[in-house]
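Biologist: I would like to learn how to read a few features of a protein model. Could we take them one at a time?

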Amino acid sequence: MRISSTKSGRSAHVHVRADGLRLRAYRKLPHLCVYHVMNLTDVDDRIIAHAAAAGMSIRDYTAKFVQAFFDDCKALSIEAPEHWIRATDHIEEMVKLILRLQQKSFTYPGEGSIYYRIAKFPEYGKLSKIDLTGIQAGARVDNDRYEKESVRDFALWKAPKPGEHFWETAIGPGRPGWHIECSAMAMKYLGETLDIHTGGIDLAFPHHENEIAQSEGATGKLFVRYWLHAEHLLVEGEKMSKSQGNFFTLRDLFAKGYKPSALRFALASVPYRKQLNFTFDGLQQAASSVERLRNFADRLQRGKFPTGQQEGMAARIAKAAEEFDAGLSDDLNTARALAAVFDLVREANIAVDKGGFRQGDVPAVLEFLTTFDKVFAVVEDNDSEKLRTLGYGGAESGPGDEEIDRLVAERNSAKKKRDFATADRIRKELADRGIIIEDAKDGSVRWKRK
RNA sequence: GGCGCGGUAGCCAAGUGGCAAGGCAAUGGUCUGCAAAGCCAUUAUCGGCGGUUCGAUUCCGCCUCGCGCCUCCA
């Protein structure tokens with residue numbers, strides 16, 4: 001399976017919702033090999049202009065955005081693709097592709113720029129089902145700086161602007177148009193036909209439509225077998241925008257104390273084709289859901305159960321794995337996959353409560369949870385560690401392990417003496433510092449960070 | 001205006017022509033020294049109106065509401 005994805009410097013949620021689902025690690029089917037290439041668009045009009053204004057090279061100017069993007073990906077446990085590549089490293093490939101299009105008369109020049117002639121590609125619009133016949137030339141040409149045969153035609157190569165960075169190439173000086181990079185780079189790393197291309201739904205038109213036109217025009221072959229377009233977020237039921245004040249960065253959210261796992265769960269639990277309404281209440285709900293899963297995993301790992309296996313449990317676990325698989329196979333229906341997990345959690349909890357659950361059942365359940373976590377990456381608790389390494393706000397400044405262990409021991413001895421006032425005081429103090437203490441039936445005590 | 005997506009319990013959300021998954025929250029119960037965790041119980045005439053059908057939340061039509069794209073914005 002070969003995947004290409006586009007990226008935005010600002011947001012990683014699309015990646016969590018589609019490619020970020022860690023399908024590579026999952027790889028349920030042995031013959032399914034994931035090869036993922038992620039493109040970093042580090043050149044466009046705005047970047048060039050801003051870099052010029054700042055007196056910086058494009059590479060230096062974009063460095064901090066690239067770094068921030070990767071940090072965000074790490075925070076959200078998005079797996080690194082096989083290749084992540086920069087547009088500016090592939091100018092030559094773009095030029096070659098343009099030359100190829102030129103030979104087939106898909107291009108025409110205009111004031112130093114090179115345009116794609118959409119009239120030459122009758123299938124144009126097949127992805128977004130846009131009907132070009134209704135679009136009249138002249139309807140929206142006022143802000144167009146270039147001369148084009150048709151309004152829909154787009155620039156493959158743009159003439160240099162005074163004072164701004166440009167490349168000296170076989171097709172003349174200038175810089176690439178927005179769309180050409182994706183076609184050129186995808187083809188270089190993935191071949192002329194890719195299996196999956198992901199991106200935000202907003203990019204379907206015109207960006208992906210133009211990619212198809214360029215690629216298929218040049219090769220005469222199908223460019224992409226499956227497009228995965230992720231729907232956008234709403235925030236508290238409204239469109240996210242800076243002016244509305246409902247635009248949050250990951251850093252903002254972590255600084256408010258939300259955990260990476262909660263955010264990841266919130267984003268991943270809603271199937272990618274569905275518009276996700278991001279709310280703080282929803283984040284809280286996601287955190288609670290993650291908590292339930294972690295409690296369950298913990299219960300299995302710490303618990304001491306009678307030896308042997310419960311009759312039917314192995315089959316029950318296998319069924320959960322099957323349903324989980326079926327959910328993901330159903331166009332990444334994560335909601336369905338999650339239901340399979342929670343069903344098993346509930347049933348296994350019942351078995352544990354009733355005493356039927358056996359030690360021999362533990363490995364299979366844990367193995368299932370591990371498989372689940374390869375995709376969802378929320379059960380393993382590395383929230384604090386992530387925030388710390390990435391230097392994001394919100395990392396705990398609470399008590400250290402030794403101090404906690406000491407206080408827990410202190411509370412235990414108070415409890416043994418039936419000095420509940422002291423025991424409860426210690427528990428309350430720790431609770432105020434974000435540590436939850438739980439007593440188990442068998443007298444053992446566990447603690448966890450909230 | 002054109003094209004597209006969606007309206008399912010307090011919240012998030014799956015799904016199917018035939019008794020409506022799952023999660024969160026709430027309330028009551030169980031357990032507990034008290035808690036927590038877990039478990040049990042309770043909570044939906046599936047946006048509205050028509051049509052097709054023995055039967056529709058699921059199919060069709062109309063309406064309504066929300067969102068997106070058609071402006072190099074994920």
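Predicted model: local features only at pLDDT ≥ 70, side-chain atom pairs only at ≥ 80, totals over all residues.

Modeller: Residues are numbered from 1 along each chain as its sequence is written, chains are lettered from A and ligands numbered from 1 in the order in which they are written, and side-chain values use heavy atoms, with hydrogens and water left out.

Biologist: At what angle do helix 15 and helix 16 pack?

Modeller: Helices (H or I, at least four residues) and strands (E, at least two) are DSSP runs, numbered from the N terminus. Axes are lines fitted to C-alpha atoms, for helices over the stretch in contact, and angles run from 0 to 180 degrees between N-to-C directions. Here helix 15 (residues 401-416) and helix 16 (residues 420-432) pack at about 155°, and their axes are 7 Å apart. That makes the two helices roughly antiparallel; angles under 35 degrees count as roughly parallel, over 145 as roughly antiparallel, 65 to 115 as roughly perpendicular and the rest as oblique.

Biologist: Which residues of helix 15 and helix 16 meet?

Modeller: Contact means heavy atoms within 4.5 Å. From helix 15 come Leu-407, Val-408, Glu-410, Arg-411, Ala-414 and Lys-415, and they meet Phe-420, Thr-422, Ala-423, Ile-426, Arg-427 and Leu-430 of helix 16. The residues of this contact divide into seven nonpolar, one polar and four charged. Ala, Val, Leu, Ile, Met, Phe, Trp, Tyr, Cys and Pro count as nonpolar, Asp, Glu, Lys and Arg as charged, and the others, Gly among them, as polar.

Biologist: What is the strand order in the open sheet of five strands?

Modeller: The order is 4-5-6-8-7, with antiparallel pairing. Strand 4 (107-110) and strand 7 (167-169) are the edge strands, each pairing on one side only. From one strand to the next, the twist averages 45°. Strand 7 and strand 8 (residues 172-176) run antiparallel and are joined by three bridges; Gly-174 in strand 8 is the bridge partner of Trp-167.

Biologist: What should I know about backbone angles?

Modeller: Most residues other than glycine have a negative phi, and most peptide bonds are trans. In this model Phe-205 and Pro-206 are joined by a cis peptide bond, with omega about 0°; Pro-206 is placed in helix 7 (residues 204-219). Ser-77, in the loop between helix 4 (58-75) and strand 3 (83-86), has a positive phi near 60°.

Biologist: Is Ser-77 buried or exposed?

Modeller: Buried means under 20% relative accessible area, exposed over 50%, partly exposed in between (1.4 Å probe, protein chains only). Ser-77 counts as buried at 10% relative accessibility. Asp-44 is partly exposed, with a relative accessible area of 30%, and lies in the loop between strand 2 (35-40) and helix 3 (45-54).

Notes: Pairing = 2+ DSSP bridges.
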